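Please examine the sequence and the three-dimensional structure shown here before reading on. The report that follows is meant to be read with both in view.

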Amino acid sequence: FILFIESKCNYTAPELFEQVLFNSKSDVWSLGCVLFKMATGYSPFDGHTAQEIKILVCNESRRKLTLS
């Protein structure tokens, strides 16, 4: 159960972590995270726990996209 929750955090928009009002931009954020993972094979945020991912997302500390 915990693994399920933590895996969904990789696609959670910052406003959802901060528990403020959200709109369709949150969906676009999540879609962007899914597309990033589809294109690269890894999540844009390199956290191992839900708390680590929350900190990375809220501080905009995403992985750099590297093309080979």
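This report describes the overall fold, the nonpolar core, the surface patch and several individual residues.

## Overall architecture

The structure is a predicted model. The secondary structure of the protein consists of four helices and zero strands. Read from the N terminus, the order of the elements is α-α-α-α.

Of the 68 residues of the protein, 25% count as buried. The protein exposes about 5,200 Å², and carbon and sulfur atoms supply 61% of that area. Among the contacts with a separation of 6 or more, 40% are accounted for by residues 24 or more positions apart.

In soluble globular proteins, nonpolar side chains tend to be buried together. In this model, the largest nonpolar core has seven residues: Cys-9, Phe-17, Cys-33, Phe-45, Ile-53, Leu-56 and Val-57. Helix H4, which spans residues 50–58, gives the largest share of this core, namely three residues.

Which residues of H4 are buried? They are Ile-53, Leu-56 and Val-57. These residues cover an arc of only 95° around the axis, and they therefore lie on the same side of H4.

Just after H4, Glu-60 takes a positive phi of about 55°.

## Around helix H2

Thr-12 lies in the loop between helix H1 (2–9) and H2. With 18% relative accessibility, Thr-12 counts as buried, because the cut-off for a buried residue is under 20%. When neighbours within four places in sequence are left aside, Thr-12 is in contact with Phe-17, Trp-29 and Val-57.

Pro-14 is found in helix H2, which comprises residues 14–17. Pro-14 has a relative accessibility of 18% and so counts as buried. Which residues does Pro-14 contact, leaving aside its neighbours within four places in sequence? They are Trp-29, Val-57 and Cys-58. Pro-14 and Asn-59 are 45 residues apart in sequence, yet their C-alpha atoms are 8.8 Å apart in space.

## A nonpolar patch on the surface

Some nonpolar residues are found on the surface. Leu-31, Val-34, Leu-35 and Met-38 form a nonpolar patch there, with about 390 Å² of accessible area together.

Val-34 and Asn-10 are 24 residues apart in sequence, and the distance between them is 8.9 Å, C-alpha to C-alpha.

## Summary

The predicted model contains four helices and zero strands. Its largest nonpolar core has seven residues, of which three come from H4. A nonpolar patch on the surface is formed by Leu-31, Val-34, Leu-35 and Met-38.

How values were computed. Residues are numbered from 1 along each chain as its sequence is written. This is a predicted model: local features need pLDDT of at least 70, side-chain atom pairs count only at pLDDT 80 or more; totals for chains, interfaces and linings use all residues. Side-chain values use heavy atoms; hydrogens and water are left out. A nonpolar core is a set of buried Ala, Val, Leu, Ile, Met, Phe, Trp, Tyr and Cys residues joined through side-chain atoms within 4.5 Å. Buried means under 20% relative accessible area, exposed over 50%, partly exposed in between (1.4 Å probe, protein chains only). Helices (H or I, at least four residues) and strands (E, at least two) are DSSP runs, numbered from the N terminus. The arc is that of the directions from the helix axis to the C-beta atoms. Patches are made of residues with over 30% relative accessible area and no salt bridge: like charges are joined within 9 Å, nonpolar side chains (Val, Leu, Ile, Met, Phe, Trp, Tyr) within 5 Å. Accessible areas come from the Shrake-Rupley method with a 1.4 Å probe; for residues, only the protein chains shown count as cover. A salt bridge is a side-chain nitrogen of Lys or Arg within 4 Å of a carboxyl oxygen of Asp or Glu. Contact means heavy atoms within 4.5 Å.
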